[in-house]
Amino acid sequence: MKTLLTGAGGLVGSTIEADIRVMGRTTPWKVPLPASNCWYDLTNFDDTLNLFEETQPTHVIHTAAKVGGLGANLAHMGEFYYDNMLINLNVLEAARRSGVTKVISFMSTCIFPADVKYPITEDMLHDGEPHSSNFGYAYAKRMLDVQSRAYNEQYGTTMVDGKFSFGTKYITVIPTNIYGPNDNFELENSHVVPALIHKCYIAKRDKTPFVIWGSGKPLREFIFSEDVGKITKSLLDTYADTDPIIISTGVEHSIRDVVISIADAMDFQGPIIYDDRRPDGQYKKTTSNKKLINQLPGLEFTPLQEGIQKTVDWFVANYENCRK
């Protein structure tokens, strides 16, 4: 078993050990291969195929993506769709051509229909349109499931000497809102937790109010990045199915809960203001983690306050060099 990890420098990728770690921190969408002078652009198929042919992995964990928060998705809808479609198409096709037997690809809960009954389960994936605030990114991620299913259908089994031989087993996982150290903490283009941590840091430093975009009422399920990394490795070793699987704690928190946790972790004593003139996005995305718990019984998750504290401590300690 030889595992290649895309997005190794990212939030989830940084928590996962792999034989081949490819990352794109300094040059977006280009990944330096360790101990090599070559650069591989995952939006370029020839580059991606060369990467796979040179490294010859048997397994792949695919986390690389162009990601961002609500503001970034609204402003760059087309870019998020185009770049993520290219990355995903290239990685899975290069994996297939190189004989990779198992791929775990990361989707997101934003792929689910905006109008859906709760809790959300894996079989609701294609039941309707995703939310309008990030439909470009959501559809690109949703297509990972389509491509994986199509490849499993065509290449999942082959006939060798009159016997069926195992071929591709490409699966997708659907994590809820991931947060943790090594995230992107940009104020305008990051996800809610890192953006709020950075805002709180500045408010404390400058002795200004901590201003929150929206009412703070929407509910989300947050999961610590280290938990996601451990779960992913376990699924790579044990998950024998090919259907998508949701990675979730099963517990919802309001944005206000997160804000209070961040303020406490940062020891912020100033005023907190909710700017409800700004959009909230989708109100809730309640998921079911029943399939995950059945697959990995006894699974324990990092409590929100503990995870927030670890993330805040890391951000403060690495402020000068982190992505911000």
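1. The count of disulfides in this predicted model comes to 0. For C200, the nearest cysteine sulfur belongs to C322 and lies 14 Å away, and C200 is in no disulfide.

2. Two of the cysteines may be described by their accessibility. C200 has a relative accessibility of 0% and counts as buried. C110 is buried as well, because its relative accessible area is 5%, and buried means under 20%.

3. C200 also takes part in helix packing: with V192, V193, L196, I197, Y201 and K204 of α5, C200 belongs to the set that meets I255, V258, V259, I262, A263 and M266 in α7. The residues of this contact divide into 12 nonpolar, no polar and 1 charged.

4. How do the axes of α5 and α7 cross? Helix α5 spans residues 192-206, and its axis comes within 10 Å of that of α7 at roughly 45°; the two helices are therefore oblique to each other. The crossing of α5 past α7 is right-handed.

5. Helix α7 (residues 255-266) packs on helix α9 (residues 304-317) too, with axes 9 Å apart and an angle of about 50°, which makes α7 oblique to α9. Here again α7 passes α9 in a right-handed crossing.

6. On the α7 side of this second contact are V258, S261, I262, D264, A265 and M266, and they meet L304, Q305, I308, Q309, V312 and V316 in α9. The residues divide into 8 nonpolar, 3 polar and 1 charged.

Note on methods: Residues are numbered from 1 along each chain as its sequence is written. This is a predicted model: local features need pLDDT of at least 70, side-chain atom pairs count only at pLDDT 80 or more; totals for chains, interfaces and linings use all residues. Side-chain values use heavy atoms; hydrogens and water are left out. A disulfide is a pair of cysteine sulfur atoms within 2.5 Å. Buried means under 20% relative accessible area, exposed over 50%, partly exposed in between (1.4 Å probe, protein chains only). Axes are lines fitted to C-alpha atoms, for helices over the stretch in contact, and angles run from 0 to 180 degrees between N-to-C directions. Helices (H or I, at least four residues) and strands (E, at least two) are DSSP runs, numbered from the N terminus. Angles under 35 degrees count as roughly parallel, over 145 as roughly antiparallel, 65 to 115 as roughly perpendicular and the rest as oblique. A crossing is left-handed if the near helix is turned anticlockwise from the far one by less than a right angle, and right-handed if clockwise. Contact means heavy atoms within 4.5 Å. Ala, Val, Leu, Ile, Met, Phe, Trp, Tyr, Cys and Pro count as nonpolar, Asp, Glu, Lys and Arg as charged, and the others, Gly among them, as polar.
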